[in-house]
Amino acid sequence: MANLEQFSDYAKQNNLKLMTAESCTAGLVASLLGGLEGCAEWLEGGLVTYSPAEKCQLLGVNDGSIRRFGLTSEQVAQEMACGALKISSANFAIANTGVAGPESKDGIPPGTVCFAWSMSNGRSCECVSETQFFRGDREQVRKAAAAYAIDRAAYHHRRLAALIGGRDQRSAAAA
C-alpha cells in the first residue's frame with residue numbers, strides 16, 4: 001500500500017496543490033489522501049469521470065483522442081491530468097483510466113491501468129505517463145492502482161520539476 005505519510009510530507013515540502021482525475025479508481029486516490037490529517041494544505045480536490053462524455057466535458061479530453069487511442073490509453077490519461085490543472089488552482093495532478101475488471105473492455109484485459117502525472121508552471125502543462133498491469137479482482141486492481149499512483153507521484157513530480165525548471169532557465173537565458 002502507498003506510503004501516505006511520506007507523500008504528505010513531500011507535498012508540504014514542495015508546496016504541492018494536488019488535483020486528481022480518476023476513472024477506474026473511482027476517487028480512491030483522493031479518498032486515501034483525504035484521510036490524512038493536514039491534507040487540506042495540499043489536496044485541492046478530485047474528479048471521478050467514468051464516461052467519455054464527462055472526460056470531455058469536465059476535463060477537456062479531446063473526443064478525437066478517445067476515438068484514436070481508446071479510453072484506456074496514456075494519451076487520455078495525459079489529457080485528463082492536464083485538464084484537472086486547467087480547471088483548478090492545483091499545480092500538480094494525478095490521473096488514471098483503465099479496466100478494473102472483471103471483463104475485458106474493447107480488447108483491453110482487466111487490470112490494465114494508464115496513469116499520468118502532470119505539473120503546471122502557470123503557462124504550460126507537462127505530463128509523464130505509464131501503463132501498468134495489476135492482477136486480482138476488481139477491488140484489488142482499484143486498490144493497487146490507487147497505491148501505485150500515489151507511490152509514483154513524488155518521483156514524477158521531481159522529473160517534471162526538473163523538466164519545467166530546465167525549460168524556464170533556457171527561456172530566461174534566451175530573453
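Modeller: Before we look at this predicted model, one cut-off is needed: contact means heavy atoms within 4.5 Å.

Colleague: With that in hand, which residues is Trp42 in contact with, leaving aside its neighbours within four places in sequence?

Modeller: Trp42 is in contact with Phe7, Ser8, Ala11, Lys12, Leu16, Lys17, Leu18, Leu33 and Leu36, once the neighbours within four places in sequence are left aside.

Colleague: How should I read the largest nonpolar core, and which residues have the most contacts inside it?

Modeller: The general idea is that nonpolar side chains tend to be buried together in soluble globular proteins. Here the largest nonpolar core has 34 residues, and Phe7, Leu33, Trp42, Phe92 and Trp117 are those with the most contacts inside it. At least two residues of this core come from each of helix H1 (4-13), helix H2 (28-34), strand S3 (92-99), strand S4 (112-120), helix H6 (138-151) and helix H7 (153-174), while H6 gives the most, with 6 residues. There is also a second, separate core of 17 residues, which includes Leu59, Met80, Ala84 and Ala95.

Colleague: How do I read a helix such as H5, and which of its residues are buried?

Modeller: In general, an α-helix has 3.6 residues a turn, so residues three or four places apart point the same way. Helix H5 (residues 74-86) has 13 residues and reaches 18 Å from its first C-alpha to its last, close to the 18 Å expected at 1.5 Å a residue. The buried residues of H5 are Val76, Ala77, Glu79, Met80, Ala81, Cys82, Gly83, Ala84 and Leu85, and they pack against strand S1 (18-22), helix H3 (52-59), helix H4 (63-69), S3, S4 and strand S5 (125-133).

Colleague: What is the order of the strands in the sheet, and why is one side of S2 and of S5 left without a neighbour there?

Modeller: The open sheet has 5 strands in the order S2-S1-S3-S4-S5, with mixed pairing. Strand S2 (43-48) and S5 stand at the edges and each has a single partner strand, so one side of each is left without a neighbour in the sheet. From one strand to the next, the twist averages 15°. S4 and S5 run antiparallel and are joined by 9 bridges, with Val113 standing opposite Gln132 in S5. H6 packs on the sheet, where it touches S3, S4 and S5, and its direction makes about 25° with that of S4.

Colleague: Which side chains make polar contacts with the side chain of Ser129?

Modeller: Ser129 lies in strand S5, and its side chain makes a polar contact of 2.7 Å with the side chain of Glu74, while another of 2.7 Å joins the side chains of Ser129 and Gln78.

Notes
Residues are numbered from 1 along each chain as its sequence is written. This is a predicted model: local features need pLDDT of at least 70, side-chain atom pairs count only at pLDDT 80 or more; totals for chains, interfaces and linings use all residues. Side-chain values use heavy atoms; hydrogens and water are left out. A nonpolar core is a set of buried Ala, Val, Leu, Ile, Met, Phe, Trp, Tyr and Cys residues joined through side-chain atoms within 4.5 Å. Buried means under 20% relative accessible area, exposed over 50%, partly exposed in between (1.4 Å probe, protein chains only). Helices (H or I, at least four residues) and strands (E, at least two) are DSSP runs, numbered from the N terminus. The expected span of a helix is 1.5 Å times one less than its number of residues. A polar contact is a pair of N or O atoms within 3.5 Å; within protein, one must be able to donate a hydrogen and the other to accept it, and residues adjacent in sequence count only if both atoms are side-chain atoms. Two strands pair if DSSP finds at least two bridges between them. Axes are lines fitted to C-alpha atoms, for helices over the stretch in contact, and angles run from 0 to 180 degrees between N-to-C directions.
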